[in-house]
Number of protein chains: 2
Amino acid sequence: MEIDSYFSQRRTVRSFTDAEVSDSDIRAMLEAAMHAPTTGNMQLYSVIITRDDEKKKALWPAHFSQPAAVGAKVLLTFCADFNRFVKWCEQSGAVPGFDNFQSFFSAVLDTTIFAQQFVTIAERNGLGTCYLGTTTYNAPDIARVLELPVRVVPVTTVALGVPDGDAVQSPRLPVDAVMHVEKYNDYTREDIASVYAPLESREDSRGFIAENGKQTLAQVFTDVRYPKGNNEVFSKIYRDFIESQCFEV
Amino acid sequence: MEIDSYFSQRRTVRSFTDAEVSDSDIRAMLEAAMHAPTTGNMQLYSVIITRDDEKKKALWPAHFSQPAAVGAKVLLTFCADFNRFVKWCEQSGAVPGFDNFQSFFSAVLDTTIFAQQFVTIAERNGLGTCYLGTTTYNAPDIARVLELPVRVVPVTTVALGVPDGDAVQSPRLPVDAVMHVEKYNDYTREDIASVYAPLESREDSRGFIAENGKQTLAQVFTDVRYPKGNNEVFSKIYRDFIESQCFEV
């Protein structure tokens with residue numbers, strides 16, 4: 001089997017040139033991406049395209065003004081969307097029962113698969129993309145700027161543009177670290193040490209440890225990047241927002 | 001912009017020949033798919049490969065014995081996984097704070113993006129795939145068969161094999177039905193009617209309505225395929241399971 005080298009060579013792009021990405025190109029890429037798999041062919045998603053400077057500036061704080069958000073020519077906010085489907089049910093004499101966790105979860109999978117197919121298509125056409133994980137942190141702010149109705153919840157945002165220079169490829173764990181055969185083979189202490197050793201020994205990892213005054217790379221994740229307190233605050237904000245959008249969590 | 005025709009021509013495959021897909025091919029495809037984007041480069045996922053007949057038979061009831069599950073040579077269960085990462089933190093002098101909804105959600109996005117990249121790679125190499133949405137319905141049963149430890153939650157399953165014949169492509173909504181510019185443009189009654197009209201007028205749709213004794217296609221979705229009662233039962237099962245796996249929902 002000969003796997004297209006694009007897949008193992010792709011990299012996330014966080015720095016973009018001033019070149020535009022046309023509306024017609026975005027439209028064509030979304031149209032192709034819509035053929036990605038979707039739950040029961042319900043297509044439980046919408047995407048909001050932000051190109052206008054005022055709208056972008058209104059979104060930036062929600063994305064903590066990270067460079068990829070500020071530098072991108074276009075932001076695409078991918079949302080789990082039951083609004084369209086429920087409206088269709090209601091005007092078709094059907095009684096919808098989708099205000100629950102399982103339905104929301106289906107919409108999240110649909111949305112993520114659609115977003116990833118869009119990312120692949122964009123990258124294959126020479127564009128650069130970066131997911132903004134901040135979308136789930138400040139979903140209420142994003143929803144206000146984009147005027148999302150009930151039953152629509154932001155899931156992820158893709159920053160899009162023409163790459164400025166060559167982005168560096170991120171390292172990955174060895175495939176055996178994530179692949180299990182027939183049953184989950186839980187990790188011994190030695191397995192874990194071996195799986196993460198290459199990442200820990202990288203020069204950039206040692207830099208992250210030093211500049212944050214930490215002893216280990218794992219502490220950079222737990223104390224600096226994803227501290228428990230933040231995770232819990234943003235969990236409550238997102239869960240409350242999902243419930244306010246009519247999905248019982 | 002010239003978009004590779006694969007993307008707009010792809011179709012889901014639910015019927016497979018007896019031909020095998022080798023372990024080395026699966027491994028190579030997973031290795032390439034691991035370069036898909038992942039939250040903070042944490043790779044919060046695992047995949048369990050089921051090829052053994054006894055294991056497959058044990059999984060089938062959890063997937064309601066749907067033909068794609070039973071006919072596939074291999075099932076790949078993609079799981080949100082914080083077990084590996086938390087073990088690494090704990091043996092690295094770091095105090096993890098990931099037992100919450102936001103962290104679980106990040107892992108779900110990572111897992112779904114990884115699964116979709118695998119699907120694209122498999123399809124590009126002539127293989128057929130079908131997502132099994134039943135994975136979130138009967139997650140506790142799947143977890144028992146695959147011996148998943150805490151902090152590991154099944155998110156989706158990909159049935160994989162060599163396509164048997166030509167699969168039919170599913171119709172999709174027009175791109176303007178899911179694409180919004182600068183703000184969410186909520187749908188009028190006329191918009192909804194127009195968006196769903198092509199789907200409703202298809203011969204197969206009229207067949208679904210007739211064979212289920214319904215008046216509209218939307219009723220097939222609400223009364224037959226995704227009834228409220230089922231959605232609520234499976235919501236509770238999945239949410240309770242996620243909590244038992246150490247993520248506060």
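**Notes on the predicted model**

1. Helices α6(A) and α6(B) cross with a right-handed sense. The coordinates come from a predicted model, so everything below is computed from that prediction. The two helices, with α6(A) covering residues 101–124, pack at an angle of about 50 degrees, and their axes lie 9 Å apart.

2. Which residues of α6(A) and α6(B) meet? From α6(A) come F101(A), F104(A), F105(A), V108(A), L109(A), T112(A), I113(A), Q116(A), Q117(A), T120(A) and R124(A). They meet F101(B), F104(B), F105(B), V108(B), L109(B), T112(B), I113(B), Q116(B), Q117(B), T120(B) and R124(B) of α6(B). By class, the residues of this contact split into twelve nonpolar, eight polar and two charged.

3. Setting aside neighbours within four places in sequence, T120(B) touches F7(A) and Q117(A) in chain A, and Y6(B) and F7(B) in chain B.

4. How are the two chains related? Chain A is superposed on chain B by a rotation of 180 degrees with 0.0 Å of shift along the axis, at an RMSD of 0.0 Å. This is the relation of a two-fold axis. Both copies use the same surface, since 100% of the contact residues of chain A recur in chain B.

5. Some totals for chain A. The chain has eleven helices and five strands. Its C-alpha atoms fill a box of roughly 60 × 45 × 45 Å along the principal axes. Of its 249 residues, 58% are buried. Among contacts in chain A with a separation of 6 or more, 79% are between residues 24 or more positions apart.

6. Within chain B, look also at helices α9 (residues 203–211) and α10 (residues 217–225), whose axes come within 9 Å and cross at roughly 50 degrees. α9(B) and α10(B) are therefore oblique to each other, and their crossing is left-handed. S205(B), F208(B) and I209(B) of α9(B) make the contact with L217(B), V220(B) and R225(B) of α10(B). These contact residues comprise four nonpolar, one polar and one charged.

7. Most residues other than glycine have a negative phi. Q43(B), which is not glycine, has a positive phi near 50 degrees. Q43(B) belongs to the loop between α2 (23–33) and β1 (45–50) of chain B. Is Q43(B) buried or exposed? At 2% relative accessibility, Q43(B) counts as buried.

8. The other angle is at E147(B), where phi is near 55 degrees, again positive in a residue other than glycine. E147(B) is in the loop between α7 (139–146) and β4 (152–161) of chain B. Its relative accessibility is 42%, so E147(B) counts as partly exposed; that class lies between the 20% and 50% limits.

Note on methods: Residues are numbered from 1 along each chain as its sequence is written. Chains are lettered from A and ligands numbered from 1 in the order in which they are written. This is a predicted model: local features need pLDDT of at least 70, side-chain atom pairs count only at pLDDT 80 or more; totals for chains, interfaces and linings use all residues. Side-chain values use heavy atoms; hydrogens and water are left out. Contact means heavy atoms within 4.5 Å. Copies are superposed by least squares on the C-alpha atoms of residues with pLDDT of at least 70 in both. Axes are lines fitted to C-alpha atoms, for helices over the stretch in contact, and angles run from 0 to 180 degrees between N-to-C directions. Helices (H or I, at least four residues) and strands (E, at least two) are DSSP runs, numbered from the N terminus. Angles under 35 degrees count as roughly parallel, over 145 as roughly antiparallel, 65 to 115 as roughly perpendicular and the rest as oblique. A crossing is left-handed if the near helix is turned anticlockwise from the far one by less than a right angle, and right-handed if clockwise. Ala, Val, Leu, Ile, Met, Phe, Trp, Tyr, Cys and Pro count as nonpolar, Asp, Glu, Lys and Arg as charged, and the others, Gly among them, as polar. Buried means under 20% relative accessible area, exposed over 50%, partly exposed in between (1.4 Å probe, protein chains only).
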